[in-house]
Amino acid sequence: MTDLLTDSEFDLFRKVIYAESGITFSDTNRSILDSRLKERLREKKLSSVQEYYRLITSDKEEMKLLLDSVTTNLTRFFRNQPHFDALEHYVVPHLLAEKKTQFDKKIRVWSAGCSTGEEPYTIAMILKDILPAPYSFEILASDISLKSLMVGKQGFYPDSRIAGIPEKYLNRFFIKSNGGYQVIDDIMKSIRFDYHNLKYAPATRNFDIVFCRNVLIYFDSAAQLEVINHFWDAMAAHSYLFIGHSESLFGMKTKFEFLKTDWACLYQKTT
């Protein structure tokens with residue numbers, strides 16, 4: 001096996017990864033793809049990238065593992081606090097006012113690109129804390145990384161990972177365990193962790209809130225628009241979209257409206 005992918009091999013893998021997921025590899029992050037491919041070749045005991053290419057194009061499960069390996073899963077509880085302040089003080093009150101006259105009293109949330117679960121658990125803790133009776137909530141937490149989803153499903157986080165959780169939430173929603181903290185069952189059962197590739201439309205619909213933060217940066221403009229349109233179609237008539245603070249829909253032909261609150265900027269769907 002050569003130390004680096006040849007230009008033609010890099011182009012081959014870049015195209016198939018884009019076709020399968022919308023994730024874009026440029027020359028600047030070529031080394032990431034190279035190192036991840038080397039790991040997969042060692043794991044599968046293959047001697048050439050050509051052999052591995054034949055494998056991923058014939059084995060859907062191995063393709064999933066490759067996509068898992070090339071994604072970055074940087075996250076933490078209450079990451080970018082202003083978003084959660086906007087959720088608590090603006091989004092939820094507006095949704096409750098909207099649903100006040102409706103029979104449906106459930107708030108549906110999608111944490112897209114949930115990584116190891118810190119984001120959906122943060123959302124669940126806030127909603128559990130502030131929603132009055134008879135309102136309830138459910139959260140779909142999805143990711144392309146199977147390893148990350150397994151961590152989220154287990155709901156156990158070592159001491160080093162619970163930084164940022166307010167004391168009142170830590171005491172109420174976690175159980176101190178050996179070397180870390182376990183999310184309580186009441187919170188865990190409100191979240192459904194599931195594999196989903198954002199290149200495709202979700203099966204679930206009518207979301208009131210979608211969080212998809214620091215994910216669009218991995219896509220080119222065409223794939224970004226495709227993902228955003230999937231969100232629009234999956235969201236309720238009056239709903240809210242959170243994206244990363246370094247991400248923007250500016251210049252993109254979408255139907256979402258920019259919304260600036262006292263706490264953070266986000267987007268809304270109104271039809």
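How many bridges join strand S1 to strand S2, and do the two run parallel or antiparallel? Seven bridges join S1 (residues 106-112) to S2 (residues 136-143), and the two strands run parallel. The legends below describe a predicted model, in which local features need pLDDT of at least 70 and side-chain atom pairs count only at pLDDT 80 or more, while totals for chains, interfaces and linings use all residues. Residues are numbered from 1 along each chain as its sequence is written, and side-chain values use heavy atoms, with hydrogens and water left out.

**View 1. The whole protein.** The protein has ten helices and ten strands; these are DSSP runs numbered from the N terminus, helices being H or I of at least four residues and strands E of at least two. Its C-alpha atoms fill a box of roughly 60 × 50 × 30 Å along the principal axes. Buried residues (under 20% relative accessible area with a 1.4 Å probe, protein chains only; exposed is over 50%, partly exposed in between) make up 49% of the 271 residues.

**View 2. The open sheet.** Seven strands are ordered S6-S2-S1-S7-S8-S10-S9 in an open sheet with mixed pairing; two strands pair if DSSP finds at least two bridges between them. Strand S6 (191-195) and strand S9 (257-260) are the edges, each pairing on one side only. On average, neighbouring strands of this sheet are turned by 25° against each other, direction ignored. Axes are lines fitted to C-alpha atoms, for helices over the stretch in contact, and angles run from 0 to 180 degrees between N-to-C directions.

View 3. Helix H5 (residues 81-99) lies across S1, strand S7 (207-212), strand S8 (235-243), S9 and strand S10 (265-270), and runs at about 175° to S8.

View 4. Cys 212 is buried, with a relative accessible area of 0%. The closest cysteine sulfur to that of Cys 212 belongs to Cys 114, at 11 Å, too far for a bond. Cys 265 is partly exposed at 36% relative accessible area. For the sulfur of Cys 265, the closest cysteine sulfur is that of Cys 212, at 17 Å, also too far for a bond.

Terms used
Disulfide = S-S within 2.5 Å. Contact = heavy atoms within 4.5 Å.
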